[in-house]
Amino acid sequence: LLIREKGGAYGGGANHGNGVFSFYSYRDPNSLDTISRFQDSINWVNSGSFTAKDLEEAKLSVFSKIDAPVAPSSKGSTLFLRGISDELKQKYRDQLFNVTKHDVIDVTQRYLIDPPARGSAIIGPEIKTLPSEWTIQRFSL
């Protein structure tokens, strides 16, 4: 809400995979403010201010992705390439279903409050008022 509707970005969200958790926004006219909002969201989760309903809605969002229809060919490749059987998928699903507020706060504290590595990147037009701690890298296609 703060990033898209109030900040003017076309969209944004969060992803995880391969040991990396990342936030993103795109076509964002307020990139530096958005990075601050991302940190605010981590602090909000860490404070435990979210409700049981918030947790339930987050779980539904996750389940909508993991329970999405899968083509038969993809089912076979998931098992063959990754070794993920239907039983392993169900175990993962059961673990997600049982996540508690305490679990979310614990993971936030261990991996997001003071991670061993952290970085930020803004890809787009140059920001004229970029703070001095930022390094500009120019790339061409």
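The legends below describe close-up views of a predicted model. Local features need pLDDT of at least 70 and side-chain atom pairs count only at pLDDT 80 or more, while totals for chains, interfaces and linings use all residues. Residues are numbered from 1 along each chain as its sequence is written, and side-chain values use heavy atoms, with hydrogens and water left out.

**View 1. Ring pairs link Phe21, Phe23 and Phe38 into a cluster.**
A search of the whole structure finds 3 aromatic pairs (rings of Phe, Tyr and Trp, the last by its six-membered ring, with centres within 6.5 Å; planes under 30 degrees apart count as stacked, over 60 as edge-to-face and the rest as tilted). One of them joins Phe21 and Phe23 edge-to-face, at 5.2 Å centre to centre and with 90° between the planes. Phe23 also pairs with Phe38; these two rings are stacked, at 4.6 Å centre to centre and 10° between the planes. Phe23 lies in strand 2 (residues 20-26) and Phe38 in helix 2 (residues 31-47), so this pair ties together parts that are 15 residues apart in sequence (helices, H or I of at least four residues, and strands, E of at least two, are DSSP runs numbered from the N terminus). Phe38 is buried, with a relative accessible area of 11%, whereas Phe21 is partly exposed at 41% and Phe23 partly exposed at 28% (buried means under 20% relative accessible area, exposed over 50%, partly exposed in between; 1.4 Å probe, protein chains only).

**View 2. Arg27 lies over the face of Tyr10.**
The distance from Arg27 to the ring centre of Tyr10 is 4.2 Å (a charge sits over a ring if NZ of Lys or CZ of Arg is within 6 Å of the ring centre and within 35 degrees of the ring normal). Tyr10 is placed in the loop between helix 1 (2-6) and strand 1 (11-17). Gly12 is found in strand 1 and is partly exposed, at 44% relative accessibility. Between Gly12 and Arg27 there are 9.2 Å in space, C-alpha to C-alpha, and 15 residues in sequence. Not counting residues up to four places away in sequence, Gly12 touches Tyr24, Ser25 and Tyr26 (contact means heavy atoms within 4.5 Å).

**View 3. Thr34 is a buried residue of helix 2.**
The relative accessible area of Thr34 is 3%. Leaving aside neighbours within four places in sequence, Thr34 contacts Ile3, Ser25 and Asp28.

The whole structure holds 5 salt bridges (a side-chain nitrogen of Lys or Arg within 4 Å of a carboxyl oxygen of Asp or Glu). Arg37 is partly exposed at 30%, and Asp40 is partly exposed at 38%.

**View 4. Arg93 forms a salt bridge with Asp67.**
The closest N and O atoms are 2.8 Å apart. Arg93 lies in helix 5 (residues 86-97) and Asp67 in the loop between helix 3 (52-66) and helix 4 (72-82), so the pair ties together parts that are 26 residues apart in sequence. Arg93 is partly exposed, with a relative accessible area of 27%; Asp67 is partly exposed at 39%.

**View 5. Glu126 and Arg138 meet in a salt bridge.**
Their side chains are 2.9 Å apart, N to O. Glu126 and Arg138 both lie in the segment after helix 6 (101-113), 12 residues apart. Arg138 is exposed, with a relative accessible area of 62%, while Glu126 is partly exposed at 46%.
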